[in-house]
Amino acid sequence: MLLTQNNAFIIGDVARILGWIMNVLFNFLDSVFGIQNIGVCIILFTVIVYMLLLPLTIKQQKFSKLSAKMNPEIQAIQKKYANKKDNDSMMAMNEETKAIYAKYGVSPTGSCVQLLIQFPILLAMYSVIQKIPAYVDGVRAIFTELANSILAAPGGSEFMQELSTTGNMYGVGTDFTQANTIIDVLYKLQETGNATWQMLIDRFPDMESLILNTQNSINHVNDFGINIANSPWNIARSALATGSVLLLIGAIAVPVLAALTQWLNVKMMPQTSSASQDGENTMASTMKTMNLMMPLMSAWFCLTLPAGMGLYWIVGAVIRGIQQFAINKHLNKIDLDELVKKNIEKNNHLREKKGLPPQKVNEIARTNVKAIDHPKKGMTEEERKAAMAASTEYYKNADKPGSLASKAAMVAKYNEKTKK
């Protein structure tokens, strides 16, 4: 059985864990409810995985929500040091930026951890769905009798190797004297139109009844409206050739629903400021492009990969959407100014433990969150100019403009004005 499993570094280990969960779910549904269906297992499996990842999901989505609040402050710092490339200025910019992140209680890598964990899970899930019999005992048992009969038949191994080549099958074992490799090929007969079950019947006519029973059993296990072991692309081509409208609709529904649910997830994510949407911030501009591309990429992946992957993708997107809705409602009730205050105290407490002085929070980081969310409205251009003129007049003094004395006087006036 190990011969057909994925043995890649990290991915193989993750695939074995996921395969074990799938095997437990399949046996549970079969023994308790009499249900033998991989599609149902994938749905339950997806729910379990996302529940296990919930703490990381909350952190990542909390980061996204708070990013929309702190982006204007980050951009203000970037503009402040836009034309200053010296080492001191760069270090000062980094310190002020770190103060913003500390203020909101998030890490700059807050959105990356879950993605790094999700990626190997996605690849491992692909391996499991591609080779269900290698991980799920109940599915493997469907093929065991037929595989052993083929191995016992004269020329059976050679024919299965030829069938593998004819069907351009990849990911199967290389030792065609082993039952596991034969099972790999039998399972992939539903994916290709070049190698078919009928070819198997033509080559082993005395096994016709066993072959048909095996075919019907595996089709039953993989039936979820469409065959989840086959790709929507192949299913659509087959539907067009046979004129099956319902099968064509089912095949198209998978990539369409994958793109739609991904698009809804993007729309539910907190949006950044208008400045970043206009492309003034390179990272925000890149994220905007990615948000447009992700639904299209989802559609393409779920069109060409096995439909079971599309089912996992769609259910995962629905769960993420529900989680995002709940988290958004929770964060909307939080007093962000109170959150900021607690985060600054927490950060200074950690610094104190390390023997460091309290971090100096720059003027931008002291900005009241409500002032960012609800800026003063209704100021006309004339009023704005008048306010600027009044401010300039306030800081005027008798000393020579630009002199050290002049600057010192301006600092003194500023301190007097902002003193609480």
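The paragraphs below lead through the helices, cores, aromatic pairs and cysteines of this predicted model. Residues are numbered from 1 along each chain as its sequence is written, and side-chain values rest on heavy atoms, with hydrogens and water left out. Because the model is predicted, local features need pLDDT of at least 70 and side-chain atom pairs count only at pLDDT 80 or more, whereas totals for chains, interfaces and linings use all residues.

The 18 residues of α4, residues 87–104, should span 26 Å at 1.5 Å a residue, and the end C-alpha atoms are 26 Å apart, which agrees; the expected span is 1.5 Å times one less than the number of residues. Several residues of α4 are buried, among them Ser89, Met93, Glu96 and Thr97, as well as Tyr101 and Tyr104, where buried means under 20% relative accessible area, with a 1.4 Å probe and protein chains only. Just after α4, Gly105 takes a positive phi of about 70 degrees.

The interior can be described through its nonpolar cores, each a set of buried Ala, Val, Leu, Ile, Met, Phe, Trp, Tyr and Cys residues joined through side-chain atoms within 4.5 Å. The largest such core has 72 residues, and those with the most contacts inside it are Met22, Met160, Leu186 and Leu200. Helix α1, residues 11–33, gives the most to this core, with nine residues. A second, separate core of 14 residues includes Ile74, Tyr81, Tyr101 and Val106. When residues up to four places away in sequence are not counted, Met22 touches Ile38, Cys41, Ile42, Phe45, Met125, Val128, Ile132 and Val136, contact meaning heavy atoms within 4.5 Å.

Aromatic pairs are the next topic. Rings of Phe, Tyr and Trp (its six-membered ring) pair if their centres lie within 6.5 Å, with planes under 30 degrees apart counted as stacked, over 60 as edge-to-face and the rest as tilted; by this rule the count comes to five aromatic pairs. The rings of Phe45 and Tyr312 have their centres 6.3 Å apart and their planes at 40 degrees, so this pair is tilted. Since Phe45 lies in helix α2 (residues 38–52) and Tyr312 in helix α16 (residues 307–332), the pair ties together parts that are 267 residues apart in sequence. Phe45 is buried, at 0% relative accessibility, and Tyr312 is buried with a relative accessible area of 3%. Phe159 and Phe204 form an edge-to-face pair, 5.6 Å centre to centre with 90 degrees between the planes. This pair links distant parts of the chain, 45 residues apart, with Phe159 in helix α8 (residues 156–166) and Phe204 in the loop between α10 (197–203) and α11 (208–222). Phe159 is buried at 13% relative accessible area, and Phe204 is buried at 3%.

Asn265 lies in helix α13, residues 245–268, and counts as buried at 9% relative accessibility. With residues up to four places away in sequence not counted, Asn265 touches Ala317, Arg320 and Gly321. The side chain of Asn265 also makes a polar contact with the side chain of Arg320 at 3.2 Å; a polar contact is a pair of N or O atoms within 3.5 Å, and within protein one must be able to donate a hydrogen and the other to accept it, while residues adjacent in sequence count only if both atoms are side-chain atoms.

Finally, a search of the whole structure finds zero disulfides, a disulfide being a pair of cysteine sulfur atoms within 2.5 Å. Cys41 counts as buried at 1% relative accessibility, and Cys302 counts as buried at 1%.

Key. Helix = DSSP H or I, 4+ residues; strand = E, 2+ residues; numbered from the N terminus. Buried < 20%, exposed > 50% of the residue type's maximum accessible area, 1.4 Å probe, protein only.
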